Amino acid sequence: MARTLGKPSAPAGVLSVNQARCLQLAAQGLLQPPRRRAKRTDVPAIVERMRLLQIDTIHVVARSPYLVLHARLGDYPPEWLDEALERGRLAECWAHEACFVPASDVALHRAWRGQRDGHWAHRHARRMRDEHAADMDALLAHIRANGPVRAADFERSDRGASGWWEWKLEKRWLEAWFASGELMVARRDRFQRVYDMAERVLARLNPPLDAADAGLSHEDLRRRFILDSVRALGVARARWIADYYRLKPGVTTRELQPLLASGELLAVEVAGWTEPGYVHADHAAMLAKACAGRLRATHTALLSPFDPLVWDRARLLAMFDFDYRIECYVPAPKRQYGYYVLPILHRGRLAGRLDAKAHRAEGVFEVKSLYLEEGVEPDSRLVADLAMAITRTARWHETPQVRLGRCRPAALAPLLRAALRDAAEIG
């Protein structure tokens, strides 16, 4: 048993990098494949575990929040996420970016809203308020009197193109009221936000809004977000913590000292790190298993580009030696791997990446290209696990026919095609 720098009763020693990876994967729900079929209650439970489920509207494959859940739950009906929102088990707010959050955290995020003034959504809200106050007030009064609305309920009067900055005015006003907190998202209709007065959405939260959390000081809120970030990450360096909730300024080792002294955090040594890693006290038993080598990574899954495991590029490079960039926002000539590239998690490491596109009308899941990382050999276990992960994702997405394009190394292609045929026959 190995030495820790925090709580004396914690297990002692130096974690290997692989053990640290396993600890992070366990905290994120990605260490092992699901042991049973998913249930409705698993959706809010997984969001509670991660604390944040980032929203992105790109649907070249499944939209990101659904894909993040699939990597952890396996085959589940995507509408369960929509139901959890409508029933008040989850809510939407600005956090890391636009995110689903547990109902139990809503008071924290609403109390922290004033600390996000520099974010583009809040700058946009102020600008809209300055330029369109009367129209925005009229829109709010309409919703208060008549109930929820979608942006699609309003006809646009211009011929603008699609995109954030070409929204119709009503959409901009709705988003401005959402950012400032007067409106919340009551539900989604084919992934379109349905906006309602915040008080009506808050009234059906389950669990109810926590008045004590709503009254926390800036210092206490920041402390909660730091602790929740470390819990969600499993193990983290100080420099990684602020990104999870986009806290400013960054978190320092000095700021973490009181949390070590209180026993809420444990400090651990990780081989090769020049600074300590931090683990939440709730994970002390899991840390002991990691130190003893009893956390085994057996899961293979396709990850969303917006999965919390991979959204911090610096953390990902340091933790998994995986250099990853979300290239859907990069001009096509400058892309290295493709438009919507999914990292491949394989038994504790990020073994490669694939550029995918779902052709829903044809029922085809196209793997345009697939790249293994340097030094990753396409052995029989990797090929079989990867074929099963692709097949399961394609079936869940209702695009069961897999079409495989180019692979690197080239020798992987015939092996993977054969394994995909076998996986299809397994059913």
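In which sense do strand 12 and strand 13 pair, and over how many bridges? Select both and take a look: the pairing is antiparallel, and eight bridges hold the count. Keep in mind as you go that this is a predicted model.

**Stop one: the strands**

Stay on strand 12, residues 349-359. Colour it by burial and you'll find that nine of its 11 residues are buried, so to speak a mostly covered strand. Now pick Leu354 and look across to strand 13, where its bridge partner is Leu370.

Show Leu345 and you'll see it standing opposite Leu350 of strand 12. The hairpin here has two residues between the strands, and Arg347 takes a positive phi near 50 degrees.

Zoom out to see what they connect: Tyr337 is in the loop between helix 14 (313-320) and strand 11 (341-346), while Tyr371 belongs to strand 13 (residues 364-372), 34 residues apart. Both tyrosines, Tyr337 and Tyr371, are buried.

**Stop three: the aromatic cluster**

Now select Trp112, Phe225, Tyr244, Tyr245 and Trp311 together: ring pairs link them into a cluster. Across the model, the aromatic pairs come to 10. Zoom in on Trp112 and Phe225, whose ring centres lie 5.5 Å apart with planes at 75 degrees, so this pair is edge-to-face. Trp112 lies in helix 5 (residues 106-112) and Phe225 in helix 10 (residues 218-233), so the contact ties together parts 113 residues apart in sequence. Buried or exposed, these two, Trp112 and Phe225? Both are buried.

**Last stop: another arginine over a ring**

Finish by selecting Arg237 and Trp273. Here the charged end of Arg237 sits over the Trp273 ring, 4.5 Å from its centre.

Definitions and conventions. Residues are numbered from 1 along each chain as its sequence is written. This is a predicted model: local features need pLDDT of at least 70, side-chain atom pairs count only at pLDDT 80 or more; totals for chains, interfaces and linings use all residues. Side-chain values use heavy atoms; hydrogens and water are left out. Rings of Phe, Tyr and Trp (its six-membered ring) pair if their centres lie within 6.5 Å; planes under 30 degrees apart count as stacked, over 60 as edge-to-face and the rest as tilted. Helices (H or I, at least four residues) and strands (E, at least two) are DSSP runs, numbered from the N terminus. Buried means under 20% relative accessible area, exposed over 50%, partly exposed in between (1.4 Å probe, protein chains only). A charge sits over a ring if NZ of Lys or CZ of Arg is within 6 Å of the ring centre and within 35 degrees of the ring normal. Two strands pair if DSSP finds at least two bridges between them.
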